[in-house]
Amino acid sequence: MPLPAIRQLLLALCWLPMAALAEGSLSAEREQALETLLYQDCGSCHGMTLRGGLGPALPMSRMNAYSLDGLAALILNGVAGTAMPGWKGLLTEEEARWLADHLQNDNPLDE
Amino acid sequence: MTRHAMAMLPPVLRKPLAVSLLALLTGCQTTTNAELRGTGDLGVVVERATGSLAVVDTSHHRVLDRVEELGDLSHASVKFSRDARYAFVFGRDGGLSRVDLLTGEITHRVMQSGNSIGGAVSQDGSLVAVANYEPGGVKIFDSETLEEVAEIPATYRDDNGKAQRSKVVGLVDAPGNRFVYSLFDAGEIHLVDMSEGNPEVTRFTDIGEAPYDALIGPKGRYYIAGLFGEDGLALFDLWHPDAGVQRILPDYGRGEERLPVYKMPHLEGWAMAGDTAWLPAVGRHEVLVADSDDWSLVERIPVHGQPIFVMTRPDERQVWVNFAHPDNNVVQVIDTESRQIIATLTPGEAVLHMEFTPRGEQVWISARDSDRVVVYDTRTLEEVARLDSESPSGIFFTNRAHRIGL
């Protein structure tokens, strides 16, 4: 590998953590896909408006009863003894945190 | 131009006149449906994101009309009136709407619960029943006026002996103006007899853990509930209600660990082929084939993902299967004789539902995230048409009006 390339890589690596802290490193496309997943696929049990179905409703108040990390862990691991599966086979920790953050702060069901 | 004025014209003139008027008055909603026509080749596509219903013509692959303002259709299902003119739309938000397929009008609409999942029309066509999650139970309405006829709370005692209401799933019509449904939270099957006008409820308890959906066969004899809480299904023989509910295909997974279930399978209609019934396995990439005589397990067919709908072409020669997220861009076709997968099709992203034309020469498939409905020829397995539709989900054709359990 030529030296300038390595330098560029190092420079990029220096910037990455900062960028991750500031805005998250998920691409806009991935965030869009996660939003579709939330309302359409999580929505198949929790309702497209999050008002519930076979699974419970997910209003903002209920979502904020958890910590961000706790909610992300619940999404990744599921809830034993219920129909809520663990999504860790399909989602990274960062993606689960994005969903948790969305449910806590951008939740359309402001109840 | 009114219907009355049309009726006075000689029949031979009606259609050309309607067509020329249509050309004159393009954009005027009331004339678009003035054409005299039957409903046998009509159907509807639920557009879940926009809360609308596309009225479709299966002979010409056309969207005839779009009916809007039907509320939250995120898990909506549809049944048809006995005359196959009206569609009953069961919205997730508890809305029950009666839609005239010929005029595109919502003739009646009631908000009958907070959260509902589906419904059924009685054998005589006079009643429409709705399965509700919140509050858990069944409501029954007059099918012409949507006036409430009966309310049946789905009550049960929980482990602490406390009275609770359960979410109701798998509501179907059965011969004798009866309805059958399952209680998700209680593990019960209830039979409601409406033949005398007032509901008479018979309960069957301990039918299995967490029934998630159910179906009834075309003869209205066997009601089968799928169980989420265990490997197996619950079978209720309506010819012998005294025999109770029996467990079938117990331990079909033979102790092998399940995969995470990202979407509940659906049981709809009856995937029968000869003497076998075809069912989705829960949490496994398998379609189960059972002997419909003694209900023993004949075969577990490995498929592309976790099956959602397992549906037989009307002639029973093929079974079409779609899958749960994240394998939901694929549909597989299984030959029922050889039990081999003969095609793997990719109609689009997030395939949600499939509906065969009445005699099965074509199948319509909804691809939610591709915003389209794709029509295949079931003989050549080639795509023959494509219709634009925003977030399409359930597809329902009017021939269901005359079939038990659909």
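Colleague: Where does Pro326(B) sit?
Modeller: Pro326(B) is in the loop between β27 (318-323) and β28 (331-335) of chain B. Strands (E, at least two residues) and helices (H or I, at least four) are DSSP runs, numbered from the N terminus. This is a predicted model, in which local features need pLDDT of at least 70 and side-chain atom pairs count only at pLDDT 80 or more, while totals for chains, interfaces and linings use all residues. Residues are numbered from 1 along each chain as its sequence is written, with chains lettered from A and ligands numbered from 1 in the order in which they are written.

Colleague: Which residue does a cis peptide bond join to Pro326(B)?
Modeller: His325(B), with omega about 5°. The bond from Glu134(B) to Pro135(B) is also cis, with omega near -5°. Most peptide bonds are trans.

Colleague: And the place of Pro135(B), where is that?
Modeller: In the loop between β9 and β10 of chain B. Strands β9 (residues 127-134) and β10 (residues 137-142) of chain B pair in the antiparallel sense over six bridges; pairing takes at least two DSSP bridges between the strands. Asn132(B) is opposite Gly137(B) in β10(B).

Colleague: What order do the strands of that open sheet have?
Modeller: β8-β9-β10-β11 in chain B, paired antiparallel. β8 (115-121) and β11 (148-153) are the edge strands, each pairing on one side only.

Colleague: Different topic. Which residue has a positive phi although it is not a glycine?
Modeller: Glu69(B) is one, with phi of about 60°. Glu69(B) lies in the loop between β3 (62-67) and β4 (77-80) of chain B. Ala350(B) also has a positive phi, near 60°, and lies in the loop between β29 (341-345) and β30 (351-356) of chain B.

Colleague: Is Ala350(B) buried or exposed?
Modeller: Ala350(B) is buried, with 21 other C-beta atoms within 10 Å. Glu69(B) is exposed, with 11. Buried means 20 or more other C-beta atoms within 10 Å of the residue's own, exposed 12 or fewer, and partly exposed in between, with C-beta atoms placed from the backbone.

Colleague: Now chain A. At what angle do α4 and α5 pack?
Modeller: Helix α4 (residues 68-77) and helix α5 (residues 93-105) of chain A pack at about 120°, with axes 8 Å apart. Axes are lines fitted to C-alpha atoms, for helices over the stretch in contact, and angles run from 0 to 180 degrees between N-to-C directions.

Colleague: Which residues of α4(A) meet α5(A)?
Modeller: Leu68(A), Leu71(A), Ala72(A), Ile75(A) and Leu76(A). Their counterparts in α5(A) include Ala96(A), Leu99(A) and Leu103(A). Contact means C-beta atoms, placed from the backbone, within 7 Å.

Technical notes. Contact = placed C-beta atoms within 7 Å.
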